[in-house]
Protein chains: 4
Amino acid sequence: MWKHLVSQLGHVELKTPTVEESAAFFHDMLGMEESARDGDSIYMRAYAEFHHHSLKLTEAPRGDRPDVGHIAFRAHGPEQLDQLVAIVEGLGLGEGWTDGDIGHGKAFRFKTPDGHPFEVFWEVEEWQAPEDLAGPVHTRPQKLPTRGAPVRRLDHVNITCSAVKPVREFIVDELGFMHAEMAVIDGTGEELISLTTSNNINHDVSITKHPNGWSGGINHTAFWYDTRDEIMKLADLCRDYGVPMEWGPSRHRGSELFFLYVREPGGHRIELCTGGYLVLAPDWKTVRYLASENQAIYWTGEIPEVMYGD
Amino acid sequence: MWKHLVSQLGHVELKTPTVEESAAFFHDMLGMEESARDGDSIYMRAYAEFHHHSLKLTEAPRGDRPDVGHIAFRAHGPEQLDQLVAIVEGLGLGEGWTDGDIGHGKAFRFKTPDGHPFEVFWEVEEWQAPEDLAGPVHTRPQKLPTRGAPVRRLDHVNITCSAVKPVREFIVDELGFMHAEMAVIDGTGEELISLTTSNNINHDVSITKHPNGWSGGINHTAFWYDTRDEIMKLADLCRDYGVPMEWGPSRHRGSELFFLYVREPGGHRIELCTGGYLVLAPDWKTVRYLASENQAIYWTGEIPEVMYGD
Amino acid sequence: MWKHLVSQLGHVELKTPTVEESAAFFHDMLGMEESARDGDSIYMRAYAEFHHHSLKLTEAPRGDRPDVGHIAFRAHGPEQLDQLVAIVEGLGLGEGWTDGDIGHGKAFRFKTPDGHPFEVFWEVEEWQAPEDLAGPVHTRPQKLPTRGAPVRRLDHVNITCSAVKPVREFIVDELGFMHAEMAVIDGTGEELISLTTSNNINHDVSITKHPNGWSGGINHTAFWYDTRDEIMKLADLCRDYGVPMEWGPSRHRGSELFFLYVREPGGHRIELCTGGYLVLAPDWKTVRYLASENQAIYWTGEIPEVMYGD
Amino acid sequence: MWKHLVSQLGHVELKTPTVEESAAFFHDMLGMEESARDGDSIYMRAYAEFHHHSLKLTEAPRGDRPDVGHIAFRAHGPEQLDQLVAIVEGLGLGEGWTDGDIGHGKAFRFKTPDGHPFEVFWEVEEWQAPEDLAGPVHTRPQKLPTRGAPVRRLDHVNITCSAVKPVREFIVDELGFMHAEMAVIDGTGEELISLTTSNNINHDVSITKHPNGWSGGINHTAFWYDTRDEIMKLADLCRDYGVPMEWGPSRHRGSELFFLYVREPGGHRIELCTGGYLVLAPDWKTVRYLASENQAIYWTGEIPEVMYGD
C-alpha cells in the first residue's frame, strides 16, 4: 500500500572488474551517456533521464557473484526522506548518512532484512545537456543518441533473497511500496517472486528467492525501451557483436513485459523491457500466480537454466 | 504538485444521438465489452480494466456540440474523497452527492471554473468476467478480445475552455494534479494547452483553449493501446469500414504520444494513443513549449483544421 | 537457378479429422474467409489473396501423421505448364491430369522423388468480394477482416524427407526453383534443410530431413503477416483461447524470418511469419550454414523437441 | 508483363554539391557503408546488399534541379544484357557501352523516351566485408551497423516525366517490367503515376507526371527498412538532428508502403519505406486508382505541396 515516501528508483551502482568495457557496452550498445568520472567510477544516464545519472559503474575485483554497490531510491520529498530514515533506524537497519555523491545530495544507507545495500536521497542535480546534445523535444533533456539501440530510462531491479517474504514485507509495509504481484509455490504458498512498486510503474523492485538460498544478491538491472522493435534490434546487435544473450526477446505473463536478458562485459545481467501495465488503484489487490502456472512464460519456452545463476 | 487526492481518471459519460451505433463502434472496432444497460445508457469497459466501466454512453438528442455527460475521477481513498468535496464546496463549485451509479458508490458532482461536469467517487465495483471470458493472464480481468483492434484502457480526456489558466490552476492547485506540460503564445505567454496528471501517466486531463472562446466543452476522449502497430491496424480498419479519421497515425512532440483521432458514430472525437513518458518527479518542472514550436507535431504536417471543431 | 516455370505456391490441401473446428480456427483466429464448400472440403483464402483459395481443408480420419492432401503451384503461363508436365513425365514422376478443382482449371499431379503430392495448374479463378467486403484499397480484393489477427497470404510449406538432397535437386534442377539456403552437417556435408524459391520470396518450399528418416511428409504450412506485432498479438490470442503454441514468437537466423508455430485443431503445424529477405540475384550463391551454427536460432533458446514431431 | 530481361534495380548515382555532407548523412543516419572513393565520387552500400554499391554520390555544382547521374539496372544474365541493348538500340535510345565502373563490369547507357539516364549491366563485384564487419548472419554480408537507423537495401526510384504513358510503355513493353499500378485523371484517364517492377517487389521504378511538365527528372530515391518502427526512429533522429522531413511517417494506399520522405544535404529527396505487397502473378491486372481516390493517402492528411518540387 503506497505511503508515497519513495517516488522512484533513482540509480544502481554495479561493481565490475572491467569498468571501461562495461561503460563502452552501455555507451555503444544501449546508447547511454557518460555524465561523470570520479576515481574508480563512471556515471551514466539514459537519454530521457533528467537526473545526473541512473547507473554508477565502479571498478572492483570479481568476487564469487556479480556485486551490486548500492541501489538508490529517491524520496518523495525532504520530509519523506526523514520519515524513511526514522523507519529504517527504528528497525535497526540503518547504516548512516553520507554526504551524497556526484549528482545528488546527502543520502542515507540502510540494509533490507536480507542484507541488500539500499540508499535513499532527495536532492538531485539535474543533468544539463551540452549545446550539441540539446534538442527540440523538451520532455527529454537531450537528443536521441545515434548509437546502438538507446534505452529510455532505468526501470527496475530484481534482487535475490534467502526468503522473499521478509524482504517484501519490509519494502511494502515499511517503505510503503505497493505489492503488485506474487508467485507462490503450489500448496505451501511460499513466495518465489514478488513485484513491488513505489509508484504506478508495475514494478521497480522485484524480489526473487535465490535457488541456493543465498541472501542479499541481485539478479538483474532493467532499462526501459519505448518499443518492442528496439529491443529486437538490440538482440540483432547482440548477435552480431558477440554480446551474450540469456533469454528473449519474449514476453512475461506476470507483468506482461516484453523482455531481453543479456550480460554486460562485467558479468551483470541486464534486462531490457517495455510494455506491461500500470498499477493505478490505491487498493490494488496483489495479483497471484501459482508456480505451476509459470507466470514467467507468456508464449512458449521455459526459463533457461542460466537465468538462475547470479 | 501531487496531493494524492485523486488516484486516476475513472470514466467518461458521452451523450450520443445514436447510442446503439456508438456502442457497436466501441464494441466492434475498439474491442470493448458491454458491462451493463440501464434506461438510455450503455456501460462499457476495455479488456484490461478492473472497474465496472470506463465509458457510459447515454442517448440524447444532438445539440450544437458533442455533449459530455460527466467526467469521473476516482479519489485516492475514502478520506481523500471527503477532502476533495470540502475543497470544491469551499470554492462554491460543488453540486451535491448522488447515490452513485451502476458500478460505483456515492459520488460528488462539481464543476470546474469553466463549467465542465466533474465527479469524484471512491467505492467501485470490480468487474467479474463470465466464465468464457476469464483467461490465464491475471493482470487483466479477461481474455484479449478477438474483435477489431482492442483498446487496453481509458487514458485521458481533453477539455476545452474559454481560458486555460483558471481551469489548470483549479485542477493543479486545488485537486492536486501535477502540471506536466504547457504551450504558451509567444510574447504574451497565454496558455493554449496544459497537460495535467493525477498520477504518473503523463496526462489524464489536458486543457485546451477553445478557438471560439467557448467554455465547458470536450475535445476528445482517449484510449490506450500497448503498441503503435495496433493503432495503425485500427487506422486500416477505419479506412476499410468508413470510420471518419481526422488526424494521424502520427506522433505528438509534446507528450511524445503516438496517436490517431477518429469520430465515433455519435460525433465524439476519440483519440487512440500509446507511448509517451511518465511523470515520476514530485518536483517536476512543467515542460514549456512556445506556440511557435508547434509541439503538436513531432514529425511532419500541420494540425488539421477539423481538429479545432467540437 | 530460376527457370520461371513456376510463378508461385498456389494452395495447400490439409486433411483434418475435424474440418469444422479447423475451419473455425482459420476463420476466427487467422481471419481467413471461406470461399467455398464442396463435399468433405472447405476452401479458404487470406484477405490479400486474389486467387479463389490458398487453403483446402478436407475431412479425413486421423492417420499416424498429419496428412497433406496436395501442394499446388501455379505455373508461369500455359506453355510453362506443359513444359513442367513434360519434365515430370520424363522423370517418371507424373500422375496425370485432373479437371481441376473449384477455383482453378486443369491441374497435373505428380510426386517428388520422396513421394510428396505436388500439383501444378495455370488457370485460376479470381475471387470476387461480395459487396459488403469490397473495400477502398484496390491492391487487395477485400476489406481487412475484423477477426483475430488476420494473415495476409500463404507464404511457404516445409516438407519432410528421408533425404533432402534428391528432393532439393528435383525442385531446383528440374522445376527451376532457386536454392536460397542450406544447412549441412559439419564434416559430412549432408543436407539437413534447404530453402528453395520459385520467385523472389526467400523460400516458398523448404525441405527438411525427417528425424526418423520418414519420407513424403509435411512439417508445416506458413502464412504471412505484414508486421511482427500482429504475430505477437496472435500469440496473445493463442494463450488466452487455448491454441497450442510450439515455438516463438522469435526469429530464425536462416531466412531472417520472425515466426510463431502453432497447431490448428486438426493437428497440423502452422507457421506465422514476416520479415526475411528477398532473393533477387539470378546468380544467387546458396547461403550455407553448418548444423553447429544452429541457423534456426537468431536470438536465444533451442529448437523445442516438439518441433521435430510431425 | 515480365520478360525477365532485368533482374533488379542496381544502383543510383546522385549528383550533389556537397558530396562529403551527403555521404555523412547516408553513413551516420542511414547506416550505410562507404565502399570506395574515386575522383569526385563516393560509393556506398546498405548492410544487406551483396553488390559493391547501390549509391554513387558525385560532386557537381547545383543546377536548377537535383540532378541524377544515372539509374542502373542489373540484367537477368549476359544474354539478357545483349537483348536489352538490341531493344534500346532498335528504338534509337542507345548511348553506347562504357567499360563499367568500380564494382561492376561493362555497362550500356541509354535514355528513356523522356530523357532519363538509364544504364544496364550484368557483371557485378560482390562486396567482401573486412574482418571486423563480418558477422554470424550469412544472408547479409556484414554486421548490422550501430549507427542511426540503418537501411537494409535500395528499393526503388521515382522518376518524373513530361508524360507518363510513353515512359511507362517503354519500361513495360520494351524493358519487360510488370505494370503494377496506375492512377489516372478522372474522365480523361491520363496517367498521373504508374508503378512498374522488374521482379516481385511491388515497384522498383515509379513514373510520375511532373507538375510543370518537365522531362527527365527524378522525384526520389527509396531505401528499404525491415520494420515501421525503424522508420519512425529515423524520423525521431531527423527531428533531433535537423534533417528536413517532407512527409510521413505515414502509409500510401497505392503500394500499401509505410513511408517517410526526407532531404539529404545535397538536396535529393530520399524515401524510406517498408511493407507493401508483392506482385506474384504473371498475368497481374494493373491496379487502377482514379486521381479523385487519392491513392497516396491511406490514413489522413494531404500530399504536402513541397513533395511536388524537384
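Predicted model: local features only at pLDDT ≥ 70, side-chain atom pairs only at ≥ 80, totals over all residues.
**Chains A and B**

I found 26 residues of chain B touching 26 residues of chain A. Which elements of chain B give two or more residues to that side? They are β1 (6-16) and β17 (287-290) of chain B. I then sorted the chain B residues on this side by class: 11 are nonpolar, 11 are polar and 4 are charged.

**Chains B and D**

Next I turned to where chain B meets chain D. Here 11 residues come from chain B and 11 from chain D. On the chain B side, α4 (228-241) and β14 (245-251) are the elements that supply two or more residues. I noted that β14(B) contributes the most, with 5 residues.

**A sheet in chain D**

Then I followed one sheet through chain D. It is an open sheet of 8 strands with mixed pairing, and I wrote down the order as β2-β3-β4-β1-β5-β8-β7-β6. Why do β2 (33-38) and β6 (94-98) of chain D each have one side without a neighbour in the sheet? Both stand at the edges, each with a single partner strand, so one side of each has no neighbour in the sheet. I also looked up how the strands are turned: neighbours in this sheet sit at 25° to each other on average, ignoring direction.

I picked one pair to look at in detail. Strands β7 (residues 107-111) and β8 (residues 117-121) of chain D run antiparallel and are joined by 5 bridges. For D:Phe110, I found that the bridge partner in β8(D) is D:Phe118.

What lies across this part of chain D? I found helix α1 (residues 19-28) of chain D lying across β1 (6-16), β2, β3 (41-45) and β4 (55-59) of chain D. Helix α1 of chain D runs at about 155° to β4(D).

**Chain A as a whole**

Last, I went back to chain A. I counted 4 helices and 17 strands there. Its radius of gyration is 18 Å, close to the 19 Å the globule rule gives for 310 residues, so chain A is as compact as a globular protein of that length. Along the principal axes, its C-alpha atoms fill a box of roughly 55 × 45 × 40 Å.

How much of chain A is buried? I got 59% of its 310 residues. I also checked contacts in chain A with a separation of 6 or more: 65% of them are between residues 24 or more positions apart.

Technical notes. Residues numbered from 1 in each chain as written. Chains lettered and ligands numbered in written order. Contact = placed C-beta atoms within 7 Å. Nonpolar A, V, L, I, M, F, W, Y, C, P; charged D, E, K, R; others polar. Pairing = 2+ DSSP bridges. Axes fitted to C-alpha atoms, helices over the stretch in contact; angles between N-to-C directions. Rg over C-alpha atoms; globule rule 2.2 N^0.38 Å. Buried ≥ 20, exposed ≤ 12 C-beta atoms within 10 Å, placed from the backbone.
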